[in-house]
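Please keep the sequence and the model in view while reading.

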Amino acid sequence: MSNNPLITATDISGRNVIVTGATSGIGQGIAEALAHSGCNVLINGLGERDQIEAYCRELAASTGSAIFYSDADMAKPDQIEAMFLQAREELGSIDGVVNNAGVQHISAIEDFPTSQWDLILAVNLSSAFHTTRLAFAEMKARGWGRIINIGSAHSLMASPFKSAYVAAKHGLFGLTKTAALEGAEHGVRVNMICPGYVRTPLVNNQIADTARARNMSEEDVIRKVMLEAQPTKEFVEIDEIARLTCFLMSDAARSINGAELKIEGGWCAQ
Ligand code: NAD
């Protein structure tokens, strides 16, 4: 352990963290950054079990951290409860939860499939309520905990054709602030990271869908819809979000609570 107080305040090694939706994109980047920082991680997400388990073994070998996998469906509260049982068995105590699992559907409201509305609300919003409810008592009793919700610029701003996503991500801000107040005197910190556009599989699918919904070419969607809103005109890198997550997991972030941390190139400043 270093004697430099700045370094010890940001040291997160040995913490046990659940990351939902960590088999792809931003969540995978967050899980890797946590593992490389010495955290033990329960990786949740959908995908091919054999492939994901091989990936977990490689990540454990390259970082020396304990890495486990849960295929719990974040749309199903009973599977979220099972994931917590597994986490307590495999990790022991739970110090942090990163609520990152998310899905998207793009359509005009009048055509929006109700099944997609229900799924997006369940995965992008209700799952964070369930993980928070399941982690909270233990964190409060221990006097330390971190819940980090991956919101979006769409937690603060709307765009047409994304009604369910915008509603869920705005709702996540409400949950973040409420939980932050409830955890405040117990050493539990709850915050939301709000990325702008990050080039992940979720966004690659959106490019095609938005092109269809707006009758535009895919190049125009990138230039005129996505990066047009982002003043830097650059995609946000996964690594930037992963580093911010590691910082929020540390003691140095003790006084950051109930915050929405925008990492969107100035999108919301307009
Ligand atoms: P992605 O599609 O690459 O990854 C999504 C992850 O969620 C995958 O691991 C997938 O398996 C998992 N997932 C989906 N449905 C699930 C379910 N029912 N149960 C369990 N896991 C499930 O997407 P991404 O771009 O990395 O997005 C991650 C998060 O970041 C989402 O919450 C998204 O809203 C948010 N976000 C993304 C961007 C962006 O531009 N990519 C911008 C702002 C916010």
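With 44% relative accessibility, Lys233 counts as partly exposed. The model in which this residue is seen is a predicted one. The partner of Lys233 is Glu228, and the two side chains meet in a salt bridge with 3.7 Å from N to O. That separation qualifies because a salt bridge requires a side-chain nitrogen of Lys or Arg within 4 Å of a carboxyl oxygen of Asp or Glu. Glu228 has a relative accessibility of 45% and is likewise classed as partly exposed. Elsewhere, salt bridges that share partners join Arg88, Asp95, Glu138 and Arg142 into one network. By the rule just given, the count of salt bridges comes to 13.

Another salt bridge pairs Arg49 with Asp71, whose closest N and O atoms are 3.3 Å apart. Arg49 belongs to helix α3, which covers residues 49-63, while Asp71 is found in the loop between β3 (67-70) and α4 (77-90); the pair therefore ties together parts that are 22 residues apart in sequence. How accessible are these two residues? Arg49 is partly exposed, at 35% relative accessibility. Asp71, at 43%, is also counted as partly exposed.

The salt bridge between Glu81 and Arg133 has its closest N and O atoms 2.9 Å apart. Here the pair links distant parts of the chain, since Glu81 lies in helix α4 and Arg133 in helix α5 (residues 114-142), 52 residues apart. Glu81 has 37% relative accessibility and counts as partly exposed. For Arg133 the value is 35%, and this residue too is classed as partly exposed.

At 11% relative accessibility, Leu227 counts as buried, because the class of buried residues takes in values under 20%. From Leu227 to Leu244 there are 17 residues in sequence, and the C-alpha atoms of the two are 22 Å apart in space.

Attention may now turn to the ligand. Where does the ligand sit? The ligand is placed in the largest pocket. It is surrounded by 31 residues, of which the closest are Ser24, Asn100, Tyr165, Val198 and Thr200. Several helices take part in this shell: α2 (25-36), α6 (163-183) and α7 (201-214) each supply at least two of its residues. The largest share, three residues, comes from α7.

In the side chain of Ser24, an N or O atom is 2.6 Å from an oxygen atom of the ligand. For Tyr165, the distance from a side-chain N or O atom to a ligand oxygen atom is 2.5 Å. A nitrogen atom of the ligand, in turn, is 2.8 Å from an N or O atom in the side chain of Asp73. Taken alone, the ligand exposes 840 Å², and the protein buries 93% of that area.

Methods
Residues are numbered from 1 along each chain as its sequence is written. This is a predicted model: local features need pLDDT of at least 70, side-chain atom pairs count only at pLDDT 80 or more; totals for chains, interfaces and linings use all residues. Side-chain values use heavy atoms; hydrogens and water are left out. Helices (H or I, at least four residues) and strands (E, at least two) are DSSP runs, numbered from the N terminus. Buried means under 20% relative accessible area, exposed over 50%, partly exposed in between (1.4 Å probe, protein chains only). A residue is near a molecule or strand if one of its heavy atoms lies within 4 Å of it. A polar contact is a pair of N or O atoms within 3.5 Å; within protein, one must be able to donate a hydrogen and the other to accept it, and residues adjacent in sequence count only if both atoms are side-chain atoms. Accessible areas come from the Shrake-Rupley method with a 1.4 Å probe; for residues, only the protein chains shown count as cover. On a 1 Å grid over the protein atoms alone, a cavity is a set of points where a 1.4 Å probe fits but cannot get out, and a pocket is an open set with protein on both sides within 12 Å along at least five of seven lines; lining residues have an atom within 4 Å of a point. A molecule sits in a cavity or pocket if more than half of its atoms lie within 2 Å of its grid points.
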